[in-house]
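Okay, everyone, thanks for coming. Let me put the structure up and then walk you through a few spots in it.

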Amino acid sequence: MNRQNVYKILKERGFVKQVTDEDAVFDAFKKKQATVYVGYDPTASSLHVGNLMGLMALAHVQRAGHLPIAVIGDGTTMIGDPSGKTELRKMLSRENIAANATKIKSQISCYFRIDNKAGFAVHNADWLLSLNHVDFLREIGRHFSVNRMLTAEAYKIRMETGLSFLEFNYQILQAFDFLKLYQSHHCTVQMGGDDQWGNIIAGTDLVRRVEGARVEGITWPLLTTANGQKMGKTAKGAVWLDGGLTSPYEYYQFWINCDDRDVSRFLAYFTFLPMKQIGELSKYEGADIREAKAVLAFEATKITHGEAEALKARAASQSAFGDSEQDISSIPATHISIEKIKDGVYLSDVFAEVGLTKSKGEARRLIKQGGAYINQDKIEDIESKLDAKDFVDNSIMLRAGKKRYHRLLLA
RNA sequence: GGAGAGGUACCCGAGUGGCCAAAGGGAACAGACUGUAAAUCUGUCGGCAUAGCCUUCGGAGGUUCGAAUCCUCCCCUCUCCA
């Protein structure tokens, strides 16, 4: 079998920012099977689009026949990674972390197989929580130079604002993870976001010191949008991979609303389309770029939510923004009882209730500014009420601004 | 433990007795222009059936006709010293 070296694929798709040693990494992937790990901290009950880089990177690794390991950082999260953070993160309880870890693990399995054969998911709590402090310091701690750690770029901000001893240890534990995985799974490559560079290097150094073996690290660029914004934040907060937190429709909309300048990068990162096809899509200009965005949105949604949901989301999106009547079932909906609207309900109240606006006041403002629509008709009067006559086939389409839709169903 | 500085809305940050629901900036939202993009311009930006009322300037009390602003106690953060 003459397969392409996965490092080449990763590089071509833009996943490589820093590497410990390009040739060594290339050689590592020449082997029949290399083992690669990426860590995920269960700080929330779902991963978000910011975590996609690592998931996609590991998926490429598995597709190339190598072994991906997702390390669930339920041990390290007890501490909290200070890298790139300006202040101490809120401490999470152990139960909280455990619950998050379970959910995140099942999410990861959407991107690559973790069947303990073609891929693994391990919990670092398994080896971190039982450590004996003094033994650990003697065996591992002696390999770390405080002087050196303090010069790390990731800690620079924290040297100004303060860094607790707790967080200072994070790097050591992450380095220990790498050592453990080298020993148990012969894992020789760690990947992570560029803010993880210091932690990754600490790991490669530790493995060299303890085992006398060379292991490698790769970082991918930290994702920002062309606007300089952190990736994956919207008005509603993070864009989650969990369909319950961010519906497939909203997920689809997130991608289709991306900046023109991001489209070709994102196609390479967040779809499995061949680079040749991405090159074709990148040639679109002006309004035609929407075509490329539609491909991006569909492919990205398909990977996270499956093809059926992606098709539904696409149909709903086309229906809302185009003129064709299609399947709108994936546009968010709320049920409302007949009794409730019998006497008429203020539309401003309805908008607030279904979450299109945060408060009734905001809904009133929206109407005043001409941004509220009901079944594609602009609502002119703040005092407008909703009644049964407005329902067509027992449903109403509400719209806030140009892009946010919500269906109201008569129950 | 000692000395000093500070904690203001989503974030940064002004305000040191009434003119304060609190300047300014950023973010965000809406409108215009567009292509479900960007940029630009305009408006909005605590809650409430809204020319009025209610809640908010770390927390709890107090002084006052009136407190983000003054006093007391407490909590937290930072800097220097130990």
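This is a predicted model: local features need pLDDT of at least 70, side-chain atom pairs count only at pLDDT 80 or more; totals for chains, interfaces and linings use all residues.

R63 lies over the face of F272, and the distance to the ring centre is 3.6 Å.

If you want to find them on screen, the buried ones are L347, S348, V350, F351, A352 and V354. Then comes G355, following α18, with a positive phi near 90°.

Now for strand β3, residues 67-72. Six of the six residues are buried here, so β3 too is largely enclosed by the rest of the structure. Both faces are covered: L67, I69 and V71 are on one side, with P68, A70 and I72 on the other.

What does β3 pair with? Strand β2, residues 35-40, runs parallel to β3, and six bridges join the two. V38, for example, is opposite A70 in β3. To get from β2 to β3 the chain goes through helix α3, residues 52-63, and that β-α-β crossover is right-handed. β3 also pairs with strand β4, residues 120-123, again in parallel, over four bridges. There, I69 has F120 of β4 as its bridge partner.

There's also an open sheet of five strands with mixed pairing, in the order β9-β15-β14-β11-β12. At the edges are β9 (333-336) and β12 (377-378), each of which pairs on one side only. Further in, β11 (residues 372-374) and β14 (residues 395-400) are antiparallel, with three bridges between them. One to look for is Y373, whose bridge partner in β14 is R399.

Last stop, the aromatics. The whole structure has 10 aromatic pairs. One of them is F254 with W255, edge-to-face, at 4.9 Å centre to centre and with 75° between the planes. Both of these residues, F254 and W255, are buried. They also belong to one aromatic cluster, along with F15, Y251, F266, Y269 and F270.

That's my tour. Shall we go to the discussion?

Definitions and conventions: Residues are numbered from 1 along each chain as its sequence is written. Chains are lettered from A and ligands numbered from 1 in the order in which they are written. Side-chain values use heavy atoms; hydrogens and water are left out. Buried means under 20% relative accessible area, exposed over 50%, partly exposed in between (1.4 Å probe, protein chains only). Two strands pair if DSSP finds at least two bridges between them. A crossover is right-handed if, with the strands pointing away from the viewer, the path from the first strand over the helix to the second runs clockwise. Rings of Phe, Tyr and Trp (its six-membered ring) pair if their centres lie within 6.5 Å; planes under 30 degrees apart count as stacked, over 60 as edge-to-face and the rest as tilted. A charge sits over a ring if NZ of Lys or CZ of Arg is within 6 Å of the ring centre and within 35 degrees of the ring normal.
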